[in-house]
Amino acid sequence: MDALNRYRLKKYSIYSLIVIAASLLQNVGGLFLQIGSARAFLLIPVCICLTMDEDEKGAALIGLLGGMLWDLTSLDQMGFNAIFIMAACFISSSFVTYILRKNFLTTMVFSLFFIFLHALFYWLFFVVFKGTEGAQMSIFYFYIPCAVYTAVLTPLIYFIFRPLKRKLKKENSYQ
């Protein structure tokens, strides 16, 4: 195995462990702070922050892992989170690879966009279209507070992963 393949194996193994840890924090009750009814959707910003400067295929696979882990704990929407987070990581990685620069502002714009889009799509497809009585108001007392809570945590997630990503990039430059 050459040095580049060892580097990629190490990097994606670390990323996978981080995504698994974020999944546990998000989906196991009592492991992460819940404010009122608002829970943090950690997997969206974690996957996007990790994969912003990766190639599209690697970004999509990390997003797919995060979404599949989220779907494992979901009752209704098998596959929705996997497809959504995979597409979010692929799109943000593609934009950074071909059009934009990877920096704090770009990461925040993509993360916040996909956090609020996920909350809106989930509410529409799995709450409103089911026709449950009073489901329309749940966007105000659950989905928007969850998205805002996640949005507030996103800069913290970015700054936690930045040194790790720099260290991994530095290790690759010596080879």
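I take buried to mean under 20% relative accessible area, exposed over 50%, and partly exposed in between, using a 1.4 Å probe and protein chains only. Helices are DSSP runs of H or I with at least four residues, strands are runs of E with at least two, and both are numbered from the N terminus.

**Ground rules.** My model is predicted, so I note that local features need pLDDT of at least 70 and side-chain atom pairs count only at pLDDT 80 or more, while totals for chains, interfaces and linings use all residues. Residues are numbered from 1 along each chain as its sequence is written, and side-chain values use heavy atoms, with hydrogens and water left out.

**Overall fold.** I counted 6 helices and 0 strands in the protein chain. I then checked the radius of gyration, taken over C-alpha atoms, against the globule rule of 2.2 Å times the number of residues to the power 0.38. For 175 residues a compact globule would come near 16 Å, and the chain's 17 Å agrees. Its C-alpha trace spans about 60 × 30 × 25 Å along the principal axes. Of the 175 residues, 45% count as buried. I also looked at contacts (heavy atoms within 4.5 Å): of those with a separation of 6 or more, 72% join residues 24 or more positions apart.

**Helix α2.** How many residues of α2 are buried? I find 9 of the 9 in residues 43–51, so this helix is largely enclosed by the rest of the structure. Among them are Pro 45, Cys 47, Cys 49 and Thr 51.

**Glu 54.** I followed the chain into the loop between α2 and α3, where Glu 54 lies. Is Glu 54 buried or exposed? At 7% relative accessibility, Glu 54 counts as buried. Leaving out residues up to four places away in sequence, Glu 54 touches several others, including Lys 11, Tyr 15, Ser 93 and Lys 165.

**Pockets.** My search ran on a 1 Å grid over the protein atoms alone: a cavity is a set of points where a 1.4 Å probe fits but cannot get out, a pocket is an open set with protein on both sides within 12 Å along at least five of seven lines, and lining residues have an atom within 4 Å of a point. Grid points are joined across faces, edges and corners, and a volume is the space filled by probe spheres set on the points.

The largest pocket holds about 360 Å³. Glu 54 turns up again here, with Tyr 7, Lys 11, Tyr 12 and Asp 55, as one of the closest to the centre among 19 lining residues. Helix α1 gives the largest share of that lining, 7 residues.

For classes, I count Ala, Val, Leu, Ile, Met, Phe, Trp, Tyr, Cys and Pro as nonpolar, Asp, Glu, Lys and Arg as charged, and the others, Gly among them, as polar. The lining of the largest pocket divides into 8 nonpolar, 3 polar and 8 charged residues.

The second largest pocket has a volume of about 240 Å³. Its lining has 6 nonpolar, 6 polar and 2 charged residues.
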